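Have the sequence and the model open side by side as you read.

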Amino acid sequence: MTDRPDIDDDQLTLDDFLTLPVEYLADVTGLDAPVDATEEQEIEWRRKAYDDYVLDLENRAEWGT
């Protein structure tokens, strides 16, 4: 459960990935959080993490896992 009641735990949006704490997103995706990243590097990581997250959701929908 998140600290934000407006976040649906079942599916996060790109806006969520651009605003939620990196550590939380790392926990959700299983990806390593960036360390000492520039703002641009962090944004790039957030977008890639979102793409990975969406792919996982699509795979679960298709394969049921």
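This is a predicted model: local features need pLDDT of at least 70, side-chain atom pairs count only at pLDDT 80 or more; totals for chains, interfaces and linings use all residues.

**The overall picture**

The protein chain has three helices and zero strands, and its pattern along the sequence reads α-α-α. Some values for the whole chain are gathered here.

| Property of the protein chain | Value |
|---|---|
| Buried share of the 65 residues | 25% |
| Share of contacts between residues at least 6 apart in sequence that join residues at least 24 apart | 40% |
| Accessible surface | about 4900 Å² |
| Share of the accessible surface that belongs to carbon and sulfur atoms | 48% |

**Helix α3**

Helix α3 covers residues 39-63, 25 residues in total. From its first C-alpha to its last, α3 reaches 36 Å, close to the 36 Å expected at 1.5 Å a residue.

Which residues of α3 are buried? They are Trp45, Arg46, Ala49, Tyr50, Tyr53 and Leu57. The cover over these buried residues includes α1 (14-19) and α2 (22-29).

Leaving aside residues up to four places away in sequence, Ala49 touches Phe17, Thr29 and Leu31.

**The nonpolar core**

In soluble globular proteins, nonpolar side chains tend to be buried together. In this model, the largest nonpolar core has 11 residues in all. Its members are Leu12, Phe17, Leu20, Val22, Leu25 and Ala26, together with Trp45, Ala49, Tyr50, Tyr53 and Leu57. Helices α2 and α3 each supply at least two residues of this core, and α3 gives the most, with five residues. Ala49 and Phe17, both members of the core, also touch one another.

Leu14, Leu18 and Ile43 make a nonpolar surface patch of about 190 Å². Leu14 has its place in helix α1. Is Leu14 buried or partly exposed? Leu14 counts as partly exposed because its relative accessible area is 30%, and buried would mean under 20%.

Note on methods: Residues are numbered from 1 along each chain as its sequence is written. Side-chain values use heavy atoms; hydrogens and water are left out. Helices (H or I, at least four residues) and strands (E, at least two) are DSSP runs, numbered from the N terminus. The expected span of a helix is 1.5 Å times one less than its number of residues. Buried means under 20% relative accessible area, exposed over 50%, partly exposed in between (1.4 Å probe, protein chains only). Contact means heavy atoms within 4.5 Å. A nonpolar core is a set of buried Ala, Val, Leu, Ile, Met, Phe, Trp, Tyr and Cys residues joined through side-chain atoms within 4.5 Å. Patches are made of residues with over 30% relative accessible area and no salt bridge: like charges are joined within 9 Å, nonpolar side chains (Val, Leu, Ile, Met, Phe, Trp, Tyr) within 5 Å. Accessible areas come from the Shrake-Rupley method with a 1.4 Å probe; for residues, only the protein chains shown count as cover. A salt bridge is a side-chain nitrogen of Lys or Arg within 4 Å of a carboxyl oxygen of Asp or Glu.
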